[in-house]
Amino acid sequence: MAFPEYNMDPVTLARFIMEDDRERREKYGTTRTSLAFILQAIGVASKVIANAVQNAGMQGLYGLGGQANQSGEDQKKLDVLANDVFKNVLRNTKKVRVMVSEEQDDAIVIEGLDHARYCVVFDPLDGSSNIECNVSVGTIFGIYHTDNKSLAELGDCLRPGREMVAAGYVLYSSAVVMVLSTGTGVHMFNLDPTFGEFIETKRNFHMPAVPKLIYSCNTGNAEKWDDATKAYMRWIKAQPKTYSARYVGSMVSDVHRTILYGGIFFYPADKKNAKGKLRLLYECFPMAFLVEAAGGKAIDGRQRILDLTPTELHERSPIYLGTADEVDRVQEFYKQLDEGT
Ligand code: P6P
């Protein structure tokens with residue numbers, strides 16, 4: 001008997017991960033079972049964090065955690081909670097040799113796990129300054145595989161973003177949604193709260209061929225931008241087809257909308273922040289990885305984000321990401337700036 005309205009064959013995150021690994025084995029003859037363990041663990045951490053975010057008001061989880069992170073930003077209680085949950089689940093896989101978190105000054109190098117081949121970089125709760133007013137927040141993560149058979153070291157993860165083997169984000173909003181890529185295609189999973197499973201809702205989806213005309217940036221900084229970014233904004237304002245401005249101020253939300261609707265999100269450098277605000281390793285790289293896998297582009301103004309190599313853990317970078325034509329237009333303005341034309 002058919003029950004067309006009832007999902008009788010849900011593709012859970014676990015099933016997707018197994019199918020993805022089986023396809024890799026059939027295609028390349030190699031499996032990444034450890035990566036499957038890690039992605040599963042990230043799914044568990046995301047459900048714990050989603051629960052904490054949803055119930056923060058009733059469980060006294062709003063407000064400050066009493067410490068500051070490496071950037072001197074006051075940590076929220078939920079920042080600390082999310083960070084600890086991520087560290088716990090990743091450590092328990094025994095498959096992760098180095099962890100880098102926005103909330104930790106130094107990398108966490110796990111001794112004695114020389115067989116472990118993976119490094120995970122993450123922002124456990126990005127946008128947490130929005131929590132008290134119930135604006136959506138998110139988790140961002142990127143995963144490197146290393147062939148380094150000696151002791152785990154920092155260099156295992158100070159590598160170009162193009163060397164990541166997987167990246168994703170989780171958006172804690174009206175729905176809890178995970179967007180994930182293991183290198184081919186981008187996939188989306190919605191958390192079904194009735195039985196606590198991430199259920200696949202989109203497989204191998206792409207940014208729209210006809211994008212919405214949306215730009216997303218903090219125009220409050222516009223006077224401090226460089227001439228190329230100012231020229232791009234003038235271009236946008238001069239278009240006969242009006243662009244819409246959409247800016248949540250929470251990177252995961254702004255990127256998620258950009259991937260689904262098209263348009264451009266950017267956080268430029270400015271006179272106050274010479275390299276912008278967003279972190280290269282665990283914010284820009286994962287988002288660039290996903291946007292490119294969905295058919296878009298991501299640059300720092302001049303170069304492809306994924307070709308950059310970080311020199312330190314919490315290095316920042318300007319970023320322009322989204323519909324390829326828009327990103328190419330920004331790059332053209334930088335080319336004109338550099339050529340003095
Ligand atoms: P601004 C949130 O604090 C965050 O790190 C990103 O999620 C977001 O894109 C950006 O900062 C917003 O920064 O300066 O516009 O408030």
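Visitor: What should I know about numbering and the model before we start?
Guide: Residues are numbered from 1 along each chain as its sequence is written, and side-chain values use heavy atoms, with hydrogens and water left out. This is a predicted model, where local features need pLDDT of at least 70, side-chain atom pairs count only at pLDDT 80 or more, and totals for chains, interfaces and linings use all residues.

Visitor: What is the strand order of the open sheet?
Guide: Strands here are DSSP runs of E with at least two residues, helices are runs of H or I with at least four, and both are numbered from the N terminus. Two strands pair if DSSP finds at least two bridges between them. The open sheet has eight strands with mixed pairing, and its order is S4-S3-S5-S6-S7-S8-S9-S10.

Visitor: Which strands stand at the edges?
Guide: Look for strands with a single partner strand, because one side of each is then left without a neighbour in the sheet.

Visitor: How many residues of strand S7 are buried?
Guide: Buried means under 20% relative accessible area, exposed means over 50%, and partly exposed is in between (1.4 Å probe, protein chains only). Strand S7 covers residues 164-172 and is largely enclosed by the rest of the structure, because the buried count is nine of the nine.

Visitor: How many bridges pair S6 with S7?
Guide: S6 spans residues 137-145 and runs antiparallel to S7. Tyr 144 stands opposite Met 164, and Val 137 has Tyr 172 as its bridge partner. The count for the S6 and S7 pairing is eight bridges.

Visitor: And in S8, what is the bridge partner of Leu 171?
Guide: S7 and S8 (residues 176-181) pair in the antiparallel sense over six bridges. A hairpin of three residues joins the two strands. The S8 partner of Leu 171 is Val 177.

Visitor: At what angle to S6 does helix H2 run?
Guide: Axes are lines fitted to C-alpha atoms, for helices over the stretch in contact, and angles run from 0 to 180 degrees between N-to-C directions. H2 (residues 33-55) lies across several strands, including S3, S5, S6 and S7. Its angle to S6 is about 165°.

Visitor: Which residues does Ser 128 touch?
Guide: Ser 128 lies in the loop between S5 and S6, and it counts as buried because its relative accessibility is 9%. Contact means heavy atoms within 4.5 Å. Leaving out residues up to four places away in sequence, Ser 128 touches Lys 76, Asp 79 and Val 137.

Visitor: Which residue forms a salt bridge with Lys 76?
Guide: A salt bridge is a side-chain nitrogen of Lys or Arg within 4 Å of a carboxyl oxygen of Asp or Glu. Lys 76 is buried at 16% relative accessible area, and the closest N and O atoms of the pair are 3.0 Å apart. The pair links distant parts of the chain, 56 residues apart, with Lys 76 in strand S2 and its partner in the loop between S5 and S6. That partner is Glu 132.

Visitor: Where does Asn 134 lie?
Guide: Phi of Asn 134 is near 65°, a positive value in a residue other than glycine. Asn 134 counts as exposed, at 67% relative accessibility. Its place is in the loop between S5 and S6.

Visitor: Which residues make the nonpolar surface patch of about 580 Å²?
Guide: Patches are made of residues with over 30% relative accessible area and no salt bridge, with like charges joined within 9 Å and nonpolar side chains (Val, Leu, Ile, Met, Phe, Trp, Tyr) within 5 Å. Areas come from the Shrake-Rupley method with a 1.4 Å probe, and for residues only the protein chains shown count as cover. One member, Phe 3, is partly exposed at 41% relative accessibility. The patch is made by Met 1, Phe 3, Tyr 6 and Met 8.
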